[in-house]
Amino acid sequence: LYTGLLIPFMKVRRDIPFPTEPERKETDGEHAFTLSMFALTLAERMALPLDHGLIAQYALVHDLVEAHAGDVSARASEEALLIKVDKEREAYLVIKERFAQKAAWIPRLIEEYEARATEEAKFVYATDKLMGAFTWLAGNGAQWHLNYPEPDGSQFHFVYARLRKKASIYPPLLEIFDELHEQLDREWPEYLKRAQEQVHGQ
């Protein structure tokens, strides 16, 4: 489990800088832990009738297939996302074969999460779509220009719409989703301007 799944998973780099160390990408392990903490906090603050233990478990396993499939950017093309679905299904089958007897809860929860089989799974899935905005805001937009260099914000707005559609699986979170992304929409021009000034100042 440790060397065959957890270490490979924790080494996967995501397509977003780590807030306090923008020179490196956030890891899947950091993301899973952060998602778990945020999801539990949101569920408590919103007084949602959800099982907190199940929320934590789904958050921990929600990206485990990436130990074998790797991460795909939220900015990826539709074709790349279809390939991602196939690769993650293959990765799930590998995990299921290896751990169906030794740690049966892992493939079982992955399957439940991917099927959005419970309200907790839907909630964690939607909360996951908030995390990019949280991360960019926490890092004050460091390295924004590497992901979203467009001066009109077209790529960001495309990703915003894509993520919002996915987050709508759990409607009570849409207000928070919109607040976060509206704040990010107000701030990203300054992120881009700052990066341009740094380039010109060198």
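Colleague: How much space lies in the second largest pocket, and which elements supply at least two residues of its lining?

Modeller: In this predicted model, the second largest pocket holds about 190 Å³ of space. At least two lining residues come from each of α1 (2-11), α2 (28-45), α3 (52-61) and α6. Among the residues that line this pocket are F9, M10, G29, F33, L64 and W105.

Colleague: How do you know to which classes the lining of that second largest pocket belongs?

Modeller: By class, the lining has 11 nonpolar residues, 1 polar residue and no charged ones. Gly counts as polar, and G29 is one of the lining residues. Phe, Met and Trp count as nonpolar, and F9, M10 and W105 are also in the lining.

Colleague: How is the lining of the largest pocket divided by class?

Modeller: That lining divides into 21 nonpolar, 6 polar and 17 charged residues. The volume of the largest pocket is about 1,100 Å³. Of its 44 lining residues, V72, K84, D128, K129 and K166 lie nearest the centre. Asp and Lys count as charged, whereas Val counts as nonpolar. The element that gives the most to this lining is α5, with 8 residues.

Colleague: What makes the space lined by I16 and W136, among others, a cavity rather than a pocket?

Modeller: A cavity is a set of points where a 1.4 Å probe fits but cannot get out, whereas a pocket is an open set. The structure holds 1 cavity of 30 Å³ or more, and about 40 Å³ of space lies in the largest cavity. Two or more of its lining residues come from each of β1 (13-18) and α8 (131-138).

Colleague: Why are α5 and α6 described as they are in their relative direction?

Modeller: The axes of α5 (residues 78-99) and α6 (residues 105-114) come within 8 Å and cross at roughly 150 degrees. Angles over 145 degrees count as roughly antiparallel, and α5 and α6 are therefore roughly antiparallel to each other. The crossing of α5 past α6 is left-handed.

Colleague: Why is N140 called neither buried nor exposed?

Modeller: Buried means under 20% relative accessible area and exposed means over 50%. N140 has 43% relative accessibility, so N140 counts as partly exposed. N140 lies in the loop between α8 and α9 (144-147), and its phi is near 55 degrees, a positive value in a residue other than glycine.

Colleague: What is the corresponding conclusion for Q143?

Modeller: With a relative accessible area of 26%, Q143 is partly exposed. Q143 is found in the loop between α8 and α9 and has a positive phi of about 70 degrees, although it is not a glycine. Most residues other than glycine have a negative phi.

Key
Residues numbered from 1 in each chain as written. Predicted model: local features only at pLDDT ≥ 70, side-chain atom pairs only at ≥ 80, totals over all residues. Heavy atoms only, no water. 1 Å grid on protein atoms, 1.4 Å probe; cavity = no way out; pocket = protein on both sides within 12 Å on 5 of 7 lines; lining within 4 Å. Points joined across faces, edges and corners; volume = space filled by probe spheres on them. Helix = DSSP H or I, 4+ residues; strand = E, 2+ residues; numbered from the N terminus. Buried < 20%, exposed > 50% of the residue type's maximum accessible area, 1.4 Å probe, protein only. Axes fitted to C-alpha atoms, helices over the stretch in contact; angles between N-to-C directions. Parallel < 35°, antiparallel > 145°, perpendicular 65-115°, else oblique. Left-handed = near helix turned anticlockwise from the far one by under 90°.
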